[in-house]
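Have the viewer ready, and let's go ring by ring.

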Amino acid sequence: MKPHLLNVATDAMHSFGARRDVQPDVNNRWHYHAALELIYFKKGKGTQFIGDNIKEFNDGDVVLVGSNLPHYWRFDSSFFEDNGNATADIYVVHFKEDFWGETFLNLPENQEIKKVIEQSKQGIQVLGKAKKALAELMPKIVESDGIKRITYLMESLAEIAHGKEAKLLVSLGFQANFAENEKDRIQSIYNYTINNYKKKIELKEIAEVAQISPNSFCKFFKAKSRKTYTQFINEIRVGHACKLLIEDKLSVKEICYECGFFNFTSFHKYFRDITGKSPLSYQKAFI
């Protein structure tokens with residue numbers, strides 16, 4: 001997939017970037033950059049794309065994205081409605097692997113941090129106690145200056161290293177394809193699918209969005225995403241179903257049709273294949 005290259009700048013007073021965003025459309029596109037990205041969604045909900053992984057993101061989520069790993073956070077439509085109550089609040093840190101010097105990570109005391117940076121190439125979903133710790137540390141990184149800014153970042157990476165519940169997101173064999181002539185095609189497919197997954201999308205329809213023939217589309221999408229388009233759209237639908245199950249406002253059958261499944265049996269099958277649980281088991285486990 002051809003993500004956009006994003007140049008992450010730092011000012012003369014800092015060795016790495018740290019900021020707070022309150023707009024849901026900052027870097028709201030498929031992109032990558034040389035810097036690692038540590039992001040904390042204090043407030044924010046939508047669909048998360050990292051490499052070949054697709055899942056919902058929610059308030060409180062913390063993710064570490066490795067260098068040059070393509071990613072994209074698509075906020076729910078409620079964040080863009082004029083009279084909507086949804087507000088975004090995001091803390092983001094960008095840092096180069098060697099910003100503290102070429103030999104720093106080779107020190108014996110820093111082997112845990114070095115391992116985290118290596119694992120970030122697959123994307124790390126931070127969970128459990130480490131997630132709670134980073135919810136407190138991320139604002140401190142953004143608000144601090146001087147040596148404390150660096151020590152808070154090191155403490156954050158150490159928390160990830162010590163956490164026992166972190167999850168690697170991207171398959172080990174994933175490789176991004178940065179072919180220039182494909183830079184907008186995959187983005188168009190993503191956007192159209194997210195906006196229309198509740199209805200049946202015919203192969204001819206999505207192939208027209210990609211501006212290629214149906215036969216070429218199947219080969220193109222499988223080659224670039226390492227999954228079929230059916231798998232891709234069902235992951236989006238199941239991700240939305242997970243969100244609705246957590247909210248517990250609709251019955252399982254209502255959620256099935258709300259998410260674009262037209263067969264209750266198929267909904268159960270795909271949900272179990274993707275999450276490892278039945279819809280009701282998933283809901284009970286969360287509650």
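Let's begin with Phe95, a buried residue whose relative accessible area is 1%. The model is a predicted one, and a search across the whole of it turns up 26 aromatic pairs. One of them joins Phe95 to Trp100.

**A tilted pair**
- Phe95 and Trp100 have ring centres 6.4 Å apart, with 50° between the planes.
- This pair is called tilted because an angle under 30 degrees would count as stacked and one over 60 as edge-to-face.
- Trp100 counts as buried too, at 15% relative accessibility.

**An edge-to-face pair between helices**
- Phe271 and Tyr282 have planes at 85° and ring centres 5.6 Å apart, so they make an edge-to-face pair.
- Phe271 belongs to helix α9 (residues 264-275), while Tyr282 belongs to helix α10 (residues 279-286), so the contact ties together parts that lie 11 residues apart in sequence.
- Phe271 is buried, and its relative accessible area is 0%.

**An aromatic cluster**
- Which residues form one aromatic cluster?
- The members are Phe49, Tyr72, Tyr190, Phe217, Phe221, Tyr229 and Phe232.

**Charges over rings**
- Lys253 places its charged end over the ring of Phe264, 6.0 Å from the ring centre.
- Lys269 has its charged end over the ring of Tyr270, at 5.2 Å from the centre of that ring.

Notes:
Residues numbered from 1 in each chain as written. Predicted model: local features only at pLDDT ≥ 70, side-chain atom pairs only at ≥ 80, totals over all residues. Heavy atoms only, no water. Phe/Tyr/Trp six-rings, centres within 6.5 Å; stacked < 30°, edge-to-face > 60°. Buried < 20%, exposed > 50% of the residue type's maximum accessible area, 1.4 Å probe, protein only. Helix = DSSP H or I, 4+ residues; strand = E, 2+ residues; numbered from the N terminus. Lys NZ or Arg CZ within 6 Å of the ring centre and 35° of its normal.
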